[in-house]
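Visitor: I am new to this structure and would like to learn how to read its charged contacts. Please show it to me and start with a single pair.

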There are 2 protein chains.
Amino acid sequence: MEDVIKRALELVVPSKEEIEIAKKAEEELKRRLDDALEDYPMLEYRFLGSYARNTWLRGNLEIDVFILFPEDTPMEELEKIGLEIGKAVVDEYELRYAAHPYVHGKVLGVEVDVVPCYKLKSPDKIKSAVDRTPFHHDWLKDRIKGKENDVRLLKQFLKANGIYGAEYKVRGFSGYLCELLVVFYGSFLDVVKNAVKWRRDTVIDVPNGKVYRKKGGSFFVVDPVDPKRNVAANLSLDNLAKFVQLCRDFLKRPSLDFFLSKEFDLDEDAFRRENRVVVVVAFEKPNIVEDNLYPQLEKACRVVVNNTREFQPLRFGFTADDRCYLIFEFGIRELSRFYKHMGPIFEDEENVERFLKRNEKVFIENGRFWAFKERMHVKPNEAVADVIKKNWQGMGKDVGEKLREGFEIYVGEDVLKIESKEFRKKLAEVLCIKRPSS
Amino acid sequence: MEDVIKRALELVVPSKEEIEIAKKAEEELKRRLDDALEDYPMLEYRFLGSYARNTWLRGNLEIDVFILFPEDTPMEELEKIGLEIGKAVVDEYELRYAAHPYVHGKVLGVEVDVVPCYKLKSPDKIKSAVDRTPFHHDWLKDRIKGKENDVRLLKQFLKANGIYGAEYKVRGFSGYLCELLVVFYGSFLDVVKNAVKWRRDTVIDVPNGKVYRKKGGSFFVVDPVDPKRNVAANLSLDNLAKFVQLCRDFLKRPSLDFFLSKEFDLDEDAFRRENRVVVVVAFEKPNIVEDNLYPQLEKACRVVVNNTREFQPLRFGFTADDRCYLIFEFGIRELSRFYKHMGPIFEDEENVERFLKRNEKVFIENGRFWAFKERMHVKPNEAVADVIKKNWQGMGKDVGEKLREGFEIYVGEDVLKIESKEFRKKLAEVLCIKRPSS
């Protein structure tokens, strides 16, 4: 284990050169900020986030600088001046959107975010999530001292296994959550050793230094800066489970592998051989951010699944690149055209009469009337297409609109015609037929 | 209605010629019996059954004569002498089997049964069902006077609709049950008018002249000769339901049709068009009587159905002529090779470890481990064949033995290769695709 950790550290701790570059960029950025803020004496700036706390992952340098506005600044002014300053201090700027828009760009080739926020006295008055960031930094900055590399180990452990990041596409662990866990438990290895006992209703009460269970609750990591807030709110149950199992596996057989991203691909031979009952819906991607797109894709999948129950949906998945892909696997390849429709017991004369009028192919079984009826669809792809045509309105605003405009359906081996790598990886994941990619 | 009944009577009341022939046969039979019994002074004979009570159906004349033995006669002797006398008094004799063997044959061309039984003082000492017959006759013979033709109407009404006869193949109404019902309610039409309100738990208490319901019980017609005995014991729930519905239909739209057997056939065009998911098992008929064969066929079907649940069995049926036929209709034409096998919740470390060792293609869903597994059979005919190969021992002694020796499976359109009329009628019934036969 010691050896594994030692070698993992080499992966995650930034090189001297990277630190050198960062320092220079930081100094240059400060100069530019001082210049830019000369006209705004009521504003100040702060370096926050993983760069400021020295917890960024080797090769993933990004400097976050926050422009703090007085509490009484109107929101529009904050946004306007915030963007203005951002544009002034970075090269190759682009606008990005979180709670409100901010500027992303580069300084001496280093990635930089310039985020405007309010300067508040207490975190219970925050107007948007970014206003909390200065408080997070204040809480962490001394407590994390000496544990920076443990944070880096945890981040890389998560990243290599696809569960680092709180964005909806990932639904994993945020950087802030990693830092809190290392502070709370003391080290990377202590986080791992404790996580193996986590349950879905575990509460990690950071401000009070306690761990307990809340029956019927969700996994909850209390934000020391705002105790009502769950820092793990975006962590999905399944990613929590995945992490817990990874921790068990790692403790049983420590290996550097746990820190290395495993590139994989669809095993086409297995796919052809197994002849899975797969239906894929492909359509044009709406022009919206991922954190908006992915929930809509999931919603669309759930609507399809809930309306194709008679084909025994087994699993679903979704992803997007230029197009969007919804993936469904079913347990039934083909139903009979006929099914049994239940009628009244024979004693119920009134309903028997009505049933006989409304149905053909009637028979009696176990003292009850039944009728054979014909279903619309005998194959799952027919049902999927029909559900989308009838229910696109319940599939998210933007995704629904695109589905209304049109979609393609792929079945069985035909899905291999889709070349998208994103799609193939997701398909491999859904069907459990991955192949290490060369 | 009156007119319908009038015309129905023409169908059911024996012609003068038939009565004439019957009388002559009866006289001849009596002569032969007197001769044959000369050597057995302790024996006597009695004419019982529908001929004796003048309730036989036109064209269905059969004379039942019972040889009454003293109570202390050993069973073997009763059987031996009974058969000897039977053989002596009829032409073209053959042995038939009910509770014990008896002789069937002809006298002046009329069908005759010669049945040995014990002469008892009370029906609660009976050794086998036939010993009850003299008591039934004694109870009925005066009560049925003047209502003979109502009995005939009821019998024909049942016969035309396939529910006359208590034998296992039919599971309908026995002749004795018809007579009791007519005595109890007063006439054919009174039976029909009352039957529309029968329920599955109705008790018709003939000796006490009452009708009531016994919650959780079965349809029960109390034998006035033996109040513990249910005269309708062999009437199936579904044939009870069928009769009740026929009575409702008849009262709503009286028609001679209800008294005319409707010959029907399989509608081959509909069969091809509907493409039903049908599996038929055909095999050699074991050499046993129908009342023994049919329960075994039903049992075999139930074992198949109970072991092919994943293909959603819809209906089954069975019949036999030279061969036996088991018919199954399924709701699923083809399953995927893969299904989801449930594992433990992620918190259950011990069972998770075991599950991971035992399974490949493992994934996490809703906080629980699952695995994709492969099933043996993806089509219902494969499953049916496999169930029979593995479970023939639970399919009745004789039927199971024949199935062990071998069987053929027919699927879809191939079942039309089976030419048996019995089979085709049963198939038409099971699938509800009858065609009036020309």
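Guide: The model is predicted. In it, the side chains of Glu28(A) and Arg31(A) form a salt bridge, with 3.1 Å from N to O.

Visitor: Where do Glu28(A) and Arg31(A) lie?

Guide: Both belong to helix α2 of chain A and sit 3 residues apart, about one turn of the helix.

Visitor: Is Glu28(A) buried or exposed?

Guide: Buried means under 20% relative accessible area. Glu28(A) has 19%, so Glu28(A) is buried.

Visitor: Which residues meet in a salt bridge at 3.0 Å, N to O?

Guide: Those are Lys30(A) and Glu26(A), joined through their side chains. They too lie in helix α2 (residues 16-36) of chain A, 4 residues apart. Glu26(A) counts as buried because its relative accessibility is 16%, while Lys30(A), at 32%, counts as partly exposed.

Visitor: What does the salt bridge of Glu347(B) and Arg200(A) join?

Guide: Their side chains meet at 2.8 Å, N to O. Glu347(B) is in the loop between β15 and α12 of chain B and Arg200(A) in the loop between α8 and β6 of chain A, so the pair joins two chains. Glu347(B) is buried at 10% relative accessibility, and Arg200(A) is partly exposed at 25%.

Visitor: Which residues do salt bridges that share partners join into one network?

Guide: Such a network holds Glu28(A), Arg31(A), Arg32(A) and Asp91(A).

Visitor: How many salt bridges are there over all chains?

Guide: The count comes to 84.

Methods. Residues numbered from 1 in each chain as written. Chains lettered and ligands numbered in written order. Predicted model: local features only at pLDDT ≥ 70, side-chain atom pairs only at ≥ 80, totals over all residues. Heavy atoms only, no water. Salt bridge = Lys/Arg side-chain N within 4 Å of Asp/Glu carboxyl O. Buried < 20%, exposed > 50% of the residue type's maximum accessible area, 1.4 Å probe, protein only.
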